[in-house]
Amino acid sequence: MMNKNSEAILNFENKEIALPVICGSEGEKALDISTLRKSTGLVTLDQGFANTASCCSQITYIDGEKGILRYRGIPIAELAAKVSFVDVAYLLVHGTLPTEKERMDFSSLLNYNSLLHEDMRHFFDHFPKGAHPMHILSTMVNAMAAFYPTVDVTATARNIEHSCARVISIVRTIAAFAYKKSIGEPIVYPRHDLSYCANFLNMMFDSPVKPYHISPEAVRLLNVLFIIHADHEQNCSTTAVRAIGSAQVNLYSTIAAGVSALSGPLHGGANQAVIEQLRMIMADGDVDKFIRKAKDKNDSFRLMGFGHRVYKTYDPRAEIVRKECEKYLKETGINDPLLDIAHKIEEIAREDSYFVERGLYPNVDFYTGILYRAMGIPENMFTVMFALARLPGWVAHWREMIGDSTKIVRPRQIYTGRTPSEVGSEIENFSPPSLLI
Ligand code: SDX
């Protein structure tokens, strides 16, 4: 719900232009500049869109100053403590937590759509050994567009419902198959009698010669980890999904774009980069040196897992993961020296004015890798875990976008290149090559 309850006056070139100020349901205010260019000839410039809302959305609310994260109005800590990932996926996509019947129907849809098309299985035989699972994932998700009925803004409600469940479910199968292929083990098919997270763990770790014991604690932990990653308003990959989807691209290719965006080390790839960085710092032994490097403007080194575009306080998700991580390692007797390094970095940074003044705190990626390691998830699958978890968020935003707007995403720019006078007679003096050779 948003309302236009005031306006801002812009004075420009001796003209006064009134721009409406809209207010969101949590009191956020925005200048509606949709008539700006028409009435003034001006556009706005905002590198990285740090000050620009690209849309109105009812899915997720973040207050970066207070460390608040809510999915459809429900605080993340309550969801992580009380609800399953499948219920959260339903909440994000449909707007409310499911009734018992809605949960049964949604779970059946996920189960029915968990098998990968058998002809797609052979794709795995042709990826080079050592291919990063995120590249395999984005390729396979895009290929779904060739194997399943296309679904875009013109699809029927039923097709959209089935396709959204399919992409949430099959991508989990693709991820597990990619892992099995990477270690040369036979793939393990999804089972109809297992829950979403238990199925994923079983597909990842079961083997014909060594049956996998599905630990209820590992299933609970995976539900929590998937829940806290499930959505995060207009982050880079969700913005990619909305932008690509706005051109009426089919759902699978749109989600593949989200997977690609998430793979970047400044975004979802950070959870793997954190572990690589902690290992490097541990090997070097001098934590203070790396804190200095992170603060040095002339050094490109950044503390991975630290800082956030929106959170200028502790990321509420990092809080949940850190507690779960400490608890799980203690209960399982795992002594991971990387956790000690992470604790030391956080302790130093929280007292250091450079980090405090910039609101740089651990984000969702800082502790997740240590917990995934303890759970036996291989490092090159960390960002894949993020992608699996983020699927309901991407799907929810895609559905909201196709329901809200038919406008293609096409920002303006400010041209700063050569003018004709600077080009001079370059084209006149240009001697084109023969087009025959
Ligand atoms: C995710 O958007 C989302 O919601 C993303 C996400 C989601 O759920 O979808 O939350 C998931 O992507 C989490 C972020 C994972 N990435 C990292 O951990 C990589 C390390 N972090 C940084 O690269 C950075 O903090 C970003 C990319 C996360 C945010 O970058 P911004 O908002 O563009 O911040 P900035 O670069 O403008 O930094 C502001 C200041 C700068 O210093 P000054 O120029 O003001 O002197 O803070 C400094 C930066 O140099 N800074 C850091 C730092 N992050 C920012 N300095 C050292 N180490 C860091 N990690």
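Reader: How do the residues of the lining of the largest cavity divide into nonpolar, polar and charged?

Author: This is a predicted model, and its lining residues divide into three nonpolar, five polar and no charged. The structure holds one cavity of 30 Å³ or more, with a volume of about 40 Å³, and its lining is made up of Val153, Gly245, Ser246, Gln248, Met401, Ile402, Ser405 and Thr406.

Reader: Which residues are buried in H6, and what do they pack against?

Author: An α-helix has 3.6 residues a turn, so residues three or four places apart point the same way. In H6, the buried residues are Pro133, Met134, Ile136, Leu137, Ser138, Met140, Val141, Ala143 and Met144, and the buried residues of this helix pack against helices H5 (118-121), H7 (157-182), H11 (251-262) and H18 (382-404).

Reader: What span should the 15 residues of helix H6 have?

Author: At 1.5 Å a residue, helix H6 (residues 133-147) should span 21 Å, which agrees with the 20 Å between its end C-alpha atoms.

Reader: Which residues have the most contacts inside the largest nonpolar core?

Author: In soluble globular proteins, nonpolar side chains tend to be buried together. Here the largest nonpolar core has 127 residues, and Tyr71, Leu137, Val167 and Ile345 are those with the most contacts inside it; H18 gives the most to this core, with 14 residues. Leaving aside residues up to four places away in sequence, Val167 touches Val141, Met144, Leu251, Tyr252, Ile255, Leu391 and Val395.

Terms used: Residues are numbered from 1 along each chain as its sequence is written. This is a predicted model: local features need pLDDT of at least 70, side-chain atom pairs count only at pLDDT 80 or more; totals for chains, interfaces and linings use all residues. Side-chain values use heavy atoms; hydrogens and water are left out. On a 1 Å grid over the protein atoms alone, a cavity is a set of points where a 1.4 Å probe fits but cannot get out, and a pocket is an open set with protein on both sides within 12 Å along at least five of seven lines; lining residues have an atom within 4 Å of a point. Grid points are joined across faces, edges and corners, and a volume is the space filled by probe spheres set on the points. Ala, Val, Leu, Ile, Met, Phe, Trp, Tyr, Cys and Pro count as nonpolar, Asp, Glu, Lys and Arg as charged, and the others, Gly among them, as polar. Helices (H or I, at least four residues) and strands (E, at least two) are DSSP runs, numbered from the N terminus. The expected span of a helix is 1.5 Å times one less than its number of residues. Buried means under 20% relative accessible area, exposed over 50%, partly exposed in between (1.4 Å probe, protein chains only). Contact means heavy atoms within 4.5 Å. A nonpolar core is a set of buried Ala, Val, Leu, Ile, Met, Phe, Trp, Tyr and Cys residues joined through side-chain atoms within 4.5 Å.
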